[in-house]
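Biologist: I want to learn how to read a model like this one. Can we go through it feature by feature?

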Amino acid sequence: MLDDSPLDPALHDRRGFECGVPALDEHIQRFAEQHRRRGISSIFVLTDSAQPERILGYYTLSAAEVDAERLAEVERKKLPRSPVPCFRMGRLACRADQQGHGLGKLLVGCAVDRCLKARQQVAAYALIVDAKDDASAAFYLHFGFKPFLDAKRTLYLPFGR
Ligand SMILES: CC(C)(COP(=O)(O)OP(=O)(O)OC[C@H]1O[C@@H](n2cnc3c(N)ncnc32)[C@H](O)[C@@H]1OP(=O)(O)O)[C@@H](O)C(=O)NCCC(=O)NCCS
């Protein structure tokens with residue numbers, strides 16, 4: 001069974017995680033726990049209960065805000081001029097030997113699910129992601145994310161109406 005849970009440095013094998021993007025490997029190995037402690041970002045890992053220490057993928061979440069001027073006209077019309085509260089998925093990665101088998105999609109679903117739960121307590125309009133290149137942006141577009149008007153690799157998924 002697959003499990004989406006907060007990173008546990010005592011259990012999860014961060015050193016063994018490799019996704020093919022050194023900065024994303026380095027993040028989980030060196031910085032993620034520090035960022036969690038300092039309130040910069042929370043990190044969640046996907047594991048299989050048959051091998052719970054092996055990290056299949058991870059994502060990070062933080063609070064964020066966006067100026068509505070950066071969003072599509074259809075969004076902007078519904079929003080106040082003040083900054084709009086959001087969540088940000090700053091990083092997303094699957095281990096290299098598991099890519100292309102639906103884990104990325106599952107991780108996006110887990111992140112959205114977590115945000116939907118969190119926004120029952122703290123309001124947020126959308127989930128923002130930062131794609132590292134055009135191929136990553138295409139991955140998010142595939143799931144219905146929309147690009148910011150002024151930054152095509154920053155995308156957002158509105159939650160509500
Ligand atoms: C990007 C990444 C998370 C995608 O995960 P994955 O497990 O390989 O992707 P999945 O198998 O879950 O693909 C899910 C769907 O997205 C589609 N997809 C995958 N990559 C895509 C891309 N670049 N453009 C458009 N669609 C894409 C798949 O075809 C699939 O479509 P379907 O659900 O209709 O069948 C993964 O490749 C990865 O970790 N790469 C290295 C790190 C990285 O680049 N992270 C992104 C940082 S912004």
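Biologist: Which residue is the bridge partner of A126 in strand 8?

Modeller: This is a predicted model, so keep that in mind. The partner of A126 is P158. Strand 6 and strand 8 (residues 151-158) run antiparallel, paired over five bridges.

Biologist: With which strand does strand 6 pair in the parallel sense?

Modeller: With strand 4 (residues 84-89), over three bridges. There, M89 stands opposite V129 of strand 6.

Biologist: Why is strand 6 described as largely enclosed by the rest of the structure?

Modeller: Count neighbours. A residue is buried if 20 or more other C-beta atoms lie within 10 Å of its own. Strand 6 (residues 126-130) has four of its five residues buried, so the rest of the structure largely encloses it.

Biologist: And G16, buried or exposed?

Modeller: The cut-off for exposed is 12 or fewer. G16 is exposed because it has 11 other C-beta atoms within 10 Å. It sits in the loop between strand 1 (2-6) and helix 1 (22-38).

Biologist: Which residues have the most contacts inside the largest nonpolar core?

Modeller: General idea: nonpolar side chains tend to be buried together in soluble globular proteins. Here the largest core has 36 residues, and C86, L127, V129 and Y156 have the most contacts inside it. Beyond its sequence neighbours within four places, Y156 touches residues including L71, C86, L127 and F145.

Biologist: How many residues surround the ligand?

Modeller: There are 21, with Q99, G104, K105, S136 and A138 the closest. Helix 4 gives the largest share, five residues. By type, the shell has eleven nonpolar, eight polar and two charged residues.

Notes
Residues numbered from 1 in each chain as written. Predicted model: local features only at pLDDT ≥ 70, side-chain atom pairs only at ≥ 80, totals over all residues. Core = buried A, V, L, I, M, F, W, Y, C linked by C-beta atoms within 7 Å. Contact = placed C-beta atoms within 7 Å. Near = placed C-beta within 6 Å. Helix = DSSP H or I, 4+ residues; strand = E, 2+ residues; numbered from the N terminus. Nonpolar A, V, L, I, M, F, W, Y, C, P; charged D, E, K, R; others polar. Pairing = 2+ DSSP bridges.
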